[in-house]
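Open the model in your viewer and keep the selection tool at hand. The tour below goes from one selection to the next.

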Amino acid sequence: MTIIQATTKHLKDIVPLFDAYRVFYRQPSNLIGAENYIKERLTKQDSVIYIAYINNVAVGFTQLYSLFSSVSMQAMYLLNDLYIDTQYRNQKIGTLLIHKAKELCREKGCKGLMIQTEKSNPAQHLYQREGFIKDEDLSFFWKTI
């Protein structure tokens, strides 16, 4: 398996995975929208995307967004997206993508890595195995604008 950081050259590989990720979260398939969104993220360099390949086939990805903590005055990353093609699950691909994200955080001297996911996402067991702790002290509030 190979894990690389995506550039716009990898759009054809990442778009179907990103679209499948959105469908997993009960969104309608939208390959054109997915391509536009990912292309914009990569062009503006406002996210970091790692793609996992097995035999030159893109089988999973993770997308990270930069965040900052005013209290600690440090940078950190939000691992917002992690998706493995259903045919390739339970092969430690998610674990290796998380390790790549942790490596990036160490290289950048970040405070840490935060993961956001639905309460019902079964991947929470993976996150806990990787040493992530559910934060019981913080609450997030949301308002569509």
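Start with Leu-64, Tyr-77, Leu-97 and Leu-113: these residues have the most contacts inside the largest nonpolar core, which has 21 residues. The model is a predicted one.

Next, colour the elements that build this core. β2 (48–54), β3 (57–69), β4 (74–84), α3 (93–108) and α4 (124–129) each give at least two residues to it. Which element supplies the largest share of this core? It is α3, with six residues.

Now select Leu-97 and show what surrounds it. Leaving aside residues up to four places away in sequence, Leu-97 touches Ile-3, Tyr-50, Ile-51, Ala-52, Gly-60, Phe-61, Thr-62, Leu-82 and Ile-84.

Another core, of 17 residues, lies apart from the largest one. To find this other core, select Leu-17, Tyr-21, Leu-42 and Ile-51, which are among its residues.

Move on to two helices, α1 (residues 11–24) and α2 (residues 31–44). How far apart are the axes of α1 and α2? The axes are 9 Å apart, and the helices pack at an angle of about 120°. α1 and α2 are therefore oblique to each other. Their crossing is right-handed.

To see the contact itself, show the side chains on both helices. From α1, select Leu-11, Ile-14, Val-15, Pro-16, Phe-18 and Asp-19.

Methods
Residues are numbered from 1 along each chain as its sequence is written. This is a predicted model: local features need pLDDT of at least 70, side-chain atom pairs count only at pLDDT 80 or more; totals for chains, interfaces and linings use all residues. Side-chain values use heavy atoms; hydrogens and water are left out. A nonpolar core is a set of buried Ala, Val, Leu, Ile, Met, Phe, Trp, Tyr and Cys residues joined through side-chain atoms within 4.5 Å. Buried means under 20% relative accessible area, exposed over 50%, partly exposed in between (1.4 Å probe, protein chains only). Helices (H or I, at least four residues) and strands (E, at least two) are DSSP runs, numbered from the N terminus. Contact means heavy atoms within 4.5 Å. Axes are lines fitted to C-alpha atoms, for helices over the stretch in contact, and angles run from 0 to 180 degrees between N-to-C directions. Angles under 35 degrees count as roughly parallel, over 145 as roughly antiparallel, 65 to 115 as roughly perpendicular and the rest as oblique. A crossing is left-handed if the near helix is turned anticlockwise from the far one by less than a right angle, and right-handed if clockwise.
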